[in-house]
Amino acid sequence: MKRVGRGRRYDCVLGVSGGRDSSFTLWYCVVKLGLRPLAVHFNDGFGNPIAGENMTKACRILGVEMRTITSDWRESKDLKIAFLKASVPDMEEGTDVGIATALYGVAAKEGIQRIIIGQSFRTEGIAPLSWNYLDGKYLKAVHKQFGTVPLRPWKPADPGFHLDLKEMFYYAFIRRIKTVTLLYHVDYVRADVDQLLQKELDWVNPGAHYFDDLYQSVIYYLNRTKFNIDRRLFNYSALIRSGQMPRTEGLEKVRHVNSIEDEKVISLCIKRLGLTREEFEHIVATPPTTFRSYPNNYALIRRLRWPIKLLSQFRLIPESAHDKYFNCGT
């Protein structure tokens with residue numbers, strides 16, 4: 001990264017959210033590796049203020065520039081409502097795609113060839129496909145059926161919510177942008193990281209894993225009540241596999257409703273979507289489905305198993321991509 005960044009203002013683009021993983025990744029890149037990252041945050045209107053303050057403090061203390069990419073609120077809100085109407089568990093599809101395109105867009109605009117993300121298989125694992133499926137064609141299919149606000153056209157430096165196979169080809173092969181999942185290569189222990197971040201960056205826990213995004217309250221609530229899904233299962237399984245949580249503790253925790261399901265926050269999110277509680281309940285009362293009910297690239301992705309494995313190994317796509325699509329269940 002230092003070699004390809006030589007002569008440039010930044011070595012890499014680094015995604016930040018104010019949560020534990022991205023905050024530690026930022027600290028590690030600057031303090032341990034001596035990199036010059038450009039911190040990029042995607043704002044879709046549902047950020048946790050505590051996480052926002054964490055980002056500001058961390059970048060100020062570490063002397064890192066932070067750039068916030070704010071989505072078109074009309075598009076972002078419309079996509080969230082569209083996925084509620086689609087009756088699928090992957091209700092954060094728009095946010096997930098928006099985060100990825102924000103990173104690629106800034107990298108393309110600044111001529112940066114490395115992106116660093118803070119995902120950790122040791123502490124959060126990977127969700128099964130039927131719980132969380134990421135696919136640009138799938139997003140467009142749901143938007144076409146349930147959306148009302150047209151998505152703005154794709155531009156290399158302003159991709160919006162467009163990240164299908166052709167856009168990935170452009171960023172990986174034309175712009176030669178690689179993605180590094182740094183925490184795959186670091187001995188990452190959550191309890192130790194909390195202490196380090198509090199000491200080094202005055203970091204404050206947002207309240208729960210993933211709670212840097214307030215909309216996760218809605219997602220966890222509907223996953224539990226409508227789809228019989230508890231996303232903590234793959235998080236805790238990762239911690240158990242890496243020796244950071246006893247299995248008995250994980251089993252005890254999932255017996256209780258996750259604290260992230262805060263009724264006040266759920267009501268706030270529904271209001272922010274411009275819906276009444278009655279309208280919201282009417283929308284989510286439809287029978288549950290999965291991504292398989294809508295046009296997507298999954299059949300093509302399955303045929304590209306070995307190319308995807310190679311692309312993951314060479315970091316032309318995130319290292320977790322092969323595991324996500326082929327090793328985490330359907």
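**Entry 1: helix 8**

I count contact as heavy atoms within 4.5 Å, and buried as under 20% relative accessible area, exposed as over 50% and partly exposed as in between, with a 1.4 Å probe and protein chains only. Helices are DSSP runs of H or I with at least four residues, strands are runs of E with at least two, and both are numbered from the N terminus.

The model is predicted: local features need pLDDT of at least 70, side-chain atom pairs count only at pLDDT 80 or more, and totals for chains, interfaces and linings use all residues. Residues are numbered from 1 along each chain as its sequence is written, and side-chain values use heavy atoms, with hydrogens and water left out.

Asparagine 228 follows helix 8 and has a positive phi, near 55°.

I then traced the open sheet, in which 5 strands run in the order 3-2-1-4-5 with parallel pairing. The edge strands are strand 3 (66–70) and strand 5 (178–181), and each pairs on one side only. Two strands pair if DSSP finds at least two bridges between them. Neighbouring strands of this sheet are turned by 30° against each other on average, direction ignored.

Helix 4 (residues 93–110) packs on the sheet, and its direction makes about 145° with that of strand 2. Axes are lines fitted to C-alpha atoms, for helices over the stretch in contact, and angles run from 0 to 180 degrees between N-to-C directions.

Strand 2 (residues 37–43) pairs with strand 3 in the parallel sense over 5 bridges. Which residue of strand 3 stands opposite histidine 41? I found threonine 68 there.

**Entry 2: serine 320**

I found serine 320 in the loop between helix 14 (305–313) and helix 15 (321–326). Is serine 320 buried or exposed? Serine 320 counts as buried because its relative accessibility is 8%. Leaving aside neighbours within four places in sequence, I found serine 320 in contact with Gln119, Ile126 and Tyr184.
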